[in-house]
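This report describes the structure shown below, from the overall fold down to single residues.

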Amino acid sequence: SGTESGRILREAAAQRAPRFYETESAIRNAWVDVHIFPKADGGVTILYRDISERKAQEQALRSSEDRFRAAFRESPYPSVLSRVKDGVFTDANDAYLEFLGVSRAELIGHSSFELDLFSDANERSELVEKLQVTGTVHGFEMQIRTRTRGERLVRLSVTMLSASDEGLMLSILNDITELKQPEKALQAAKEHLESTLNSIIGGYYALDAQWRFVAANNEAERHFGRPLEFLLGRNIWELTNTPTGSLLYQKFVEAKRSGCPLHFEARSNVREDYWAELHLYPRGEQLEVFFADISQRKQAEEAHQEAALFPEENPAPILRISREGILLYANPGSRELLETLGCRVMERVPTLFARAVTEGLESGKYSMLDFTLHESVLSFLVVPVPDRRYANLYGRDVTARRQAQEEILKLNED
């Protein structure tokens, strides 16, 4: 609120200490990240950054389970969620209730054993054993007793989930009693299961006790650059050459040892400049991993942290360029760059910089611009300010990083 923002502003000025917070701006109709820095003359410098896109991504991530539930309930295939350890049903769609001939109240909170669903109880034990090894089971056949149609032969597609803190299994049934086009029905159920998993926002994969892949959705395949058939059964640490001292390895081990969910952010070791928000859910001997791409936010945060120094004190170049391509401001750290460009304040900048500003103002999104200055490589974060008709460019020297990347590419080629 405005009152809260005013309080924080007064507090920063009075205590001479920086303040950082996020708020929803009624004026701009957007979420903003606010950085307040006290100045030597008693005033303050305030930096704003539009974080509406990141907030929208967070909301999408939080709603992914609701989207999963919607897909689950609307499925034309009998589908049910139950606890692995005791077979107690936690949810079912209408198709499953109709198939069994029971009401929701008769099913939810009761186990398959209480309802005497299985002609052979050992079949469920066999199914669970396979599930705990592979994480997913397709084409498992068993006899189920229904109230309205007697015993039916069903073919199951089952996967382990962590939709809550309990270990759950999602089962999708095909009634193959009449053996009508059984292979086509199985394929449809399998595709529906995969579609349900892929409805989860972001990436998903699961690892067994030996850190081998047992499941992965489409986003995980894209992240690792390998198809599911290649990933299954492979050790994630060997595949990605991850050292045991890395943050990723230590967090994964911590989650499995503690048996508690763990949430953190980390840089990917398989995709350059990729940051992920990871959610780890231990499930017995297995570990489920949900992840989302936060690379753009991390890059913007890193650039803003470097720009947190007052522009006059920052050794890196900081520029402000108008929509018309006129240099409105340049800090002292830009002197060598401007000499090379042959440009001064209130003069037109080269086309490369002017085009980056124009495109940024038109799209309203951050972008990156690289420029070679003598032996150095400068990377500029272009931050458009559409309502002011200019963009701020925050430069960083990335020469060492680029040289390291080139060395890695040479080693890979060798």
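Which residue lies over the face of Phe 230? Arg 234 does, at 3.7 Å from the ring centre. The model is predicted.

## Overall make-up

The protein contains 15 helices and 18 strands. Of its 414 residues, 45% are buried. Among the contacts with a separation of 6 or more, 40% are between residues 24 or more positions apart.

The largest nonpolar core has 25 residues. Tyr 96, Leu 100, Leu 107, Ile 144 and Leu 156 are those with the most contacts inside this core. At least two of the core residues come from each of these elements: β5 (89-92), α4 (94-100), α6 (121-134), β6 (136-146), β7 (150-161) and β8 (168-175).

Leaving aside residues up to four places away in sequence, Leu 100 touches Leu 107, Leu 117, Ile 144, Arg 145, Thr 146, Arg 147 and Thr 148. Another core, of 24 residues, lies apart from the largest one. Leu 207, Phe 252, Val 253 and Leu 280 are among the residues of this other core.

## Helix α11

Helix α11 covers residues 247-258, 12 residues in number. The distance from its first C-alpha to its last is 16 Å, close to the 16 Å expected at 1.5 Å a residue. Leu 248, Phe 252, Val 253 and Ala 255 are buried in α11. Viewed down the helix axis, the buried residues of α11 fall within an arc of 160°, so they line one face of the helix.

What covers these buried residues? The cover includes β9 (203-207), α10 (236-240), β11 (262-267), β12 (275-283) and β13 (286-293). Just after α11 comes Gly 259, which takes a positive phi of about 70°.

## Aromatic rings and charges

The whole structure holds 16 aromatic pairs. In one of them, the ring centres of Trp 211 and Phe 252 are 6.4 Å apart and the planes are at 45°, so the pair is tilted. This pair links distant parts of the chain, 41 residues apart: Trp 211 is in the loop between β9 and β10 (213-216), and Phe 252 is in helix α11. Trp 211 counts as buried because its relative accessibility is 13%, and Phe 252 counts as buried at 1%. A charge is also placed at this site: the charged end of Lys 256 sits over the ring of Trp 211, 4.4 Å from its centre.

Trp 237 and Tyr 249 form an edge-to-face pair, with 5.1 Å centre to centre and 65° between the planes. Trp 237 is in helix α10 and Tyr 249 in helix α11, 12 residues apart, and this pair too links distant parts of the chain. Trp 237 has a relative accessible area of 9%, so this residue is buried. Tyr 205, Phe 213, Phe 224 and Phe 291 form one aromatic cluster.

## Ile 321 in strand β14

Is Ile 321 buried or exposed? Ile 321 counts as buried because its relative accessibility is 0%. This residue is in strand β14, residues 318-322.

Its contacts, not counting residues up to four places away in sequence, are with Ile 326, Leu 327, Leu 328, Val 349, Phe 353, Val 357, Tyr 390, Ala 391 and Leu 393. The C-alpha atoms of Ile 321 and Asn 392 are separated by 6.6 Å, although the two residues are 71 residues apart along the chain.

Most residues other than glycine have a negative phi. Asp 116 has a positive phi, near 55°. Asp 116 is found in the loop between α5 (104-107) and α6. The relative accessibility of Asp 116 is 45%, so this residue counts as partly exposed.

His 374 also has a positive phi, near 60°. The loop between β16 (367-373) and β17 (376-385) is the place of His 374. With a relative accessible area of 52%, His 374 is exposed.

Notes. Residues are numbered from 1 along each chain as its sequence is written. This is a predicted model: local features need pLDDT of at least 70, side-chain atom pairs count only at pLDDT 80 or more; totals for chains, interfaces and linings use all residues. Side-chain values use heavy atoms; hydrogens and water are left out. Helices (H or I, at least four residues) and strands (E, at least two) are DSSP runs, numbered from the N terminus. The expected span of a helix is 1.5 Å times one less than its number of residues. Buried means under 20% relative accessible area, exposed over 50%, partly exposed in between (1.4 Å probe, protein chains only). The arc is that of the directions from the helix axis to the C-beta atoms. Contact means heavy atoms within 4.5 Å. A nonpolar core is a set of buried Ala, Val, Leu, Ile, Met, Phe, Trp, Tyr and Cys residues joined through side-chain atoms within 4.5 Å. Rings of Phe, Tyr and Trp (its six-membered ring) pair if their centres lie within 6.5 Å; planes under 30 degrees apart count as stacked, over 60 as edge-to-face and the rest as tilted. A charge sits over a ring if NZ of Lys or CZ of Arg is within 6 Å of the ring centre and within 35 degrees of the ring normal.
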